[in-house]
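Subject: Structure handover

Hello,

Here is the structure we talked about, with its sequence. My notes on it follow below.

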Amino acid sequence: MATGSAETDGVRRRIAVPGTILGIGLGGFVDGILLHQILQWHHMLSSTDSDNIGVKYYPTDTVPGLRMNTLWDGFFHAFTWLAVLIGLGLLYSRVVHSRGRVWRSRMLWGWILVGWGVFNLVEGVVDHHLLGIHHVRTGPYQIWWDLGFLLLGAVLTAGGWLLQRGGAPIDLCRADGRVSGAPTP
């Protein structure tokens, strides 16, 4: 279990931002690839016939509607791709010699899960509930699918938080990855 020392808290903070941004991007990729493309349950604008902001309806069963939804899915994927690149760039800038240990660390993977959960929570609240521009799966049970998406986001966030809290401290600049003064395993 992490000791809560100043050094451990410093490492945790340095891993938190890149890990969370990576998680947002990777969570977005899972959403876009699985729900938009493979299962085709929704696209970015597939529920604008019942949205809360008055966006023009683009039905997915017409060529023009599918083209517009595909365009906005592309913007969504570009955003998630940039989040992954930024997260990787920030992570790389924080790691000098201990890359292998960082990729295996519970801290990093915990923060990635936090980011994925935050993605689900924000995307679910904003797109599914506030704007209403699409839902996880439209139909008579769409509220349950949307709530399940939010529940998954909460579980990922909480699980990731707990995972990273239990991570062993890693010195991001030492070749052996140990924190100064920490006992040798």
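Among contacts in the chain between residues at least 6 apart in sequence, what percentage join residues at least 24 apart? The figure is 73%. Please keep in mind that this is a predicted model.

Overall make-up

The chain holds five helices and zero strands, so read from the N terminus its elements go α-α-α-α-α. Of its 185 residues, 42% count as buried. The accessible surface of the chain is about 9,900 Å², and carbon and sulfur atoms account for 69% of that.

Helix H1 covers residues 6-38, and a loop lies between it and helix H2 (63-94). Val30 is a residue of helix H1. With a relative accessible area of 35%, Val30 is partly exposed, because this value falls between the 20% and 50% cut-offs. Together with Ile33, Leu34, Ile38 and Leu39, Val30 makes a nonpolar surface patch of about 400 Å².

Gln40 sits in the loop between H1 and H2. Its phi is positive, about 55 degrees, although Gln40 is not a glycine. Gln40 has a relative accessible area of 57% and is therefore exposed, the cut-off for that being over 50%.

Ser46 belongs to this loop as well. Is Ser46 buried or exposed? Its relative accessibility is 14%, so Ser46 counts as buried, the limit being under 20%. The side chain of Ser46 reaches the backbone nitrogen of His43 at 3.1 Å. Leaving aside residues up to four places away in sequence, Ser46 touches Tyr57, Thr60, Asn69, Ile133 and His134. Of these, Asn69 falls within the 63-94 range of helix H2.

Helix H5

Helix H5 takes in residues 142-165, which is 24 residues.

Regards

How values were computed: Residues are numbered from 1 along each chain as its sequence is written. This is a predicted model: local features need pLDDT of at least 70, side-chain atom pairs count only at pLDDT 80 or more; totals for chains, interfaces and linings use all residues. Side-chain values use heavy atoms; hydrogens and water are left out. Helices (H or I, at least four residues) and strands (E, at least two) are DSSP runs, numbered from the N terminus. Buried means under 20% relative accessible area, exposed over 50%, partly exposed in between (1.4 Å probe, protein chains only). A polar contact is a pair of N or O atoms within 3.5 Å; within protein, one must be able to donate a hydrogen and the other to accept it, and residues adjacent in sequence count only if both atoms are side-chain atoms. Contact means heavy atoms within 4.5 Å. The expected span of a helix is 1.5 Å times one less than its number of residues. Patches are made of residues with over 30% relative accessible area and no salt bridge: like charges are joined within 9 Å, nonpolar side chains (Val, Leu, Ile, Met, Phe, Trp, Tyr) within 5 Å. Accessible areas come from the Shrake-Rupley method with a 1.4 Å probe; for residues, only the protein chains shown count as cover. A salt bridge is a side-chain nitrogen of Lys or Arg within 4 Å of a carboxyl oxygen of Asp or Glu.
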